[in-house]
Structure formats: C-alpha cells, structure tokens
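User: I'd like to learn how to read strand pairing and nonpolar cores in a model. Could you walk me through them?

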Amino acid sequence: MKLRERDLEIDFTDAIDAIVFDQMKADQPGYHGIGQMHRVDFVVELVGAILFVEVKDPGNPRAQAGGLAKFHGELQDGTLSNTFAEKFIDTFLYRWAEERLDKPVHYISLVTFEDSELLPNFSDEIAKRLPPMGKAIPRWKRQLAENCQVFNIELWNASFPKWPAARVAKI
C-alpha cells in the first residue's frame, strides 16, 4: 500500500491496512472529524504492530527559505519535538477511542534532513515528551509507544527495505 505526503511516497508492502490519517476531507476514509487535534500523517497496521508515521520534508528542493528557517528554529527551541509528541498522543487517543489499538505501537518519522547526526537527538527529544516522560509507572501494564525513531530517506530505506521511501513527481 503506497501512501503519499506531498511528493514523498512510502510503499508499505506488507501492511494489513494503511491510511492517510491527517485527512481533512470529510468524504475520505481517513477523515477523523476533529480538526483541532493533532494527527500523524499515516497509520499503518502490520501483522504484529501498528505504526504511527509522521513525515516532514525540509529537504524538499522547492522548500522556501522562510519555511526552512522556521523549521530549524523550531527544531532548536524544542517546539518541533513538542509538536511531534502532540501528534503521537492525539493520534493514540483517536485510535484508542476507535478501539483500534490492539497491538504494540511504534512511532517512526521520516524527516528529510541531510545531516543524519541530528536524528538520534531529535528522536530522544520526542521520546522524552511522550508519556510517561521517562518515568517508571508501576501500575502501567503497557507502554504507549514501543519506540520512537526519526529517519532521513537514506536511513529509512536502509532500516526498512520492505517499505521504500522515495521522492516522486507530484500529481
């Protein structure tokens, strides 16, 4: 199942189901009805897990200087990691209310950085903002997220060869 965010496409070949979850058109199957809440771009169901997938494309050749400056500013001041965490939490709440969270959830993001050195730190910053925020909670029987990782296109394709990501011509 191929999903597209602007001109980035990921082929989730072994998915049971895959939807564009940030759909804003009411007549589309991924539409959720509450535009004020944050959402990840894709929700993908596999045999043994559910993926919440967020895509950001600062490496787009058509990216505007102002948008890039805003992106890098939000990366530096923590706003971007807060936004990614909010997208996960709100999406988790949506799917919980739909009774669609019966498998472990993995939060993976594709961010088109050229500098792969930033990716582990960004992953850690997002993970620190996800409940239980690095604390052990004895009463919790399961985690909200099994893991939280951010990849650029090169690392994504090396890590997930069954789910190739590529830039495609915009239709």
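User: Which residue in β8 does E9 stand opposite?

Analyst: E9 stands opposite A166. Strands here are DSSP runs of E, at least two residues long, numbered from the N terminus, and two strands pair if DSSP finds at least two bridges between them. In this case, 3 bridges join β2 (residues 8-11) to β8, and the two run antiparallel. The model is predicted: local features need pLDDT of at least 70, side-chain atom pairs count only at pLDDT 80 or more, and totals for chains, interfaces and linings use all residues. Residues are numbered from 1 along each chain as its sequence is written, and side-chain values use heavy atoms, leaving out hydrogens and water.

User: In what order do the strands of that open sheet come?

Analyst: The order is β1-β2-β8, with antiparallel pairing. β1 (2-5) and β8 (165-167) are the edge strands, each pairing on one side only.

User: Now the cores: which residues have the most contacts inside the largest nonpolar core?

Analyst: A nonpolar core is a set of buried Ala, Val, Leu, Ile, Met, Phe, Trp, Tyr and Cys residues joined through side-chain atoms within 4.5 Å; buried means under 20% relative accessible area (1.4 Å probe, protein chains only). Here the largest has 27 residues, and F52, F88, Y107 and F122 have the most contacts inside it. Its largest share, 6 residues, comes from α2.

User: What does Y107 touch?

Analyst: Contact means heavy atoms within 4.5 Å. Leaving out residues up to four places away in sequence, the partners of Y107 include F52, F88, I126 and C148. There is also a second, separate core of 19 residues, with L3, F12, L51 and V55 among them.

Notes: Helices (H or I, at least four residues) and strands (E, at least two) are DSSP runs, numbered from the N terminus. Buried means under 20% relative accessible area, exposed over 50%, partly exposed in between (1.4 Å probe, protein chains only).
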